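Let's walk through this structure together, one piece at a time. Have the sequence and the 3D view ready as you read.

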Amino acid sequence: MAEVVKAAVSRQLPSFRLGQKQVYLFRDSREQGTQDKTAANENKPGRPTHIITMLHKEHLPANEACFQVPLTFTKFDLRDYLFNLYNVEVKTVRSYVKGRPLAERANRPGSSYRPQALKIMTVELAQPFQWPSPPEDLQPWNHELFEMREASMVGRQEDQYNAANFKIPMASRQPRSDERKQLSALAKDLVTGRKKWSNEVPLDSKWDAVVQQAAGTTTAGSRGKKETAAERIALRNDAKDKAARRKPKPAQ
């Protein structure tokens, strides 16, 4: 450790000593009762208690890096974190707390709250760092699925906003999807006779006589159709209504 301090002083780093604070990964208190307290489990690192995110900001120079840290983190915590885990030496650290705007509660339209503030730290590195170029092929990360999920989420939020403000869009004015266009074209072909519907299942030959008999009965019934009792009652009621309307009203 003395050699590290001498090297830091020779490079005119800050006066504090590097690497004095150790970084621990604590176990979750809820898991301590369920895990076996053996030597192998005790030496195994547990779940981290803090989340640190490195932010990509294009306006920063190559010798600076930006991190989002918990609100309880101090400058010394981030410095020791980078040195002990990644062997990255830091010259200076700047920090600020960024407030967040009001947000709407999930599944509660009209109810808003202020999310927890964010703490941002910018460090000056002893050696410059350059971000790698983003990959051109995003297929290994299922980028198409990500875009579909984002589009679905935006559409769901718009529907919730319209429902909360009583703005229900008419289905007839919405653009038709490709599936509806295909169904419409198929229905026109079936109506005009260009295509015949079939479930592609051959019918057993024993049903041929039944089908022919049913077709003949339907044709004969349509030719010599007789009025049913319900139709006769409906016609009689219509005649009574017409007669009542034609009858002159008594003078008042």
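Arg-194 counts as exposed, at 69% relative accessibility; here buried means under 20% relative accessible area, exposed over 50%, and partly exposed in between, with a 1.4 Å probe and protein chains only. Its salt-bridge partner is Asp-189, with the closest N and O atoms 3.7 Å apart. Asp-189, in contrast, is buried, with a relative accessible area of 16%. A salt bridge, by the way, is a side-chain nitrogen of Lys or Arg within 4 Å of a carboxyl oxygen of Asp or Glu.

Before going on, keep in mind that this is a predicted model, where local features need pLDDT of at least 70 and side-chain atom pairs count only at pLDDT 80 or more, while totals for chains, interfaces and linings use all residues. Residues are numbered from 1 along each chain as its sequence is written, and side-chain values use heavy atoms, with hydrogens and water left out.

How many salt bridges does a search of the whole structure find? It finds three. Another of them joins Arg-79 and Asp-80, at 2.9 Å from N to O, and both of these residues are buried. Then there's Arg-94 with Glu-64, whose closest N and O atoms are 3.6 Å apart. Arg-94 sits in strand S3 and Glu-64 in strand S2, so this pair ties together parts that are 30 residues apart in sequence. Arg-94 is partly exposed at 41% relative accessibility, whereas Glu-64 is buried at 18%.

That brings us to the strands. Helices (H or I, at least four residues) and strands (E, at least two) are DSSP runs, numbered from the N terminus, and two strands pair if DSSP finds at least two bridges between them. Four strands make an open sheet in the order S1-S2-S6-S3, with antiparallel pairing. S1 and S3 (90–98) stand at the edges with a single partner strand each, so one side of each has no neighbour in the sheet. On average, neighbouring strands here are turned by 30° against each other, direction ignored.

Helix H3 (residues 75–86) packs on this sheet and touches S2, S3 and S6; contact means heavy atoms within 4.5 Å. The direction of H3 makes about 130° with that of S3, where axes are lines fitted to C-alpha atoms, for helices over the stretch in contact, and angles run from 0 to 180 degrees between N-to-C directions.

Now zoom in on S2 (residues 64–69). Five of its six residues are buried, so S2 is largely enclosed by the rest of the structure. With S1 (residues 53–55), S2 pairs over three bridges: Thr-53 has Gln-68 as its bridge partner, and Leu-55 stands opposite Cys-66. With S6 (residues 118–125), S2 pairs over six bridges, and there Val-69 has Lys-119 as its partner.

Next, the aromatic rings. There are two aromatic pairs; rings of Phe, Tyr and Trp (its six-membered ring) pair if their centres lie within 6.5 Å, and planes under 30 degrees apart count as stacked, over 60 as edge-to-face and the rest as tilted. Tyr-81 and Tyr-86 are edge-to-face, 5.8 Å centre to centre with 70° between the planes. Tyr-81 is buried at 16% relative accessibility, but Tyr-86 is exposed at 51%. Phe-129 and Trp-131 are also edge-to-face, at 5.8 Å and 75°.
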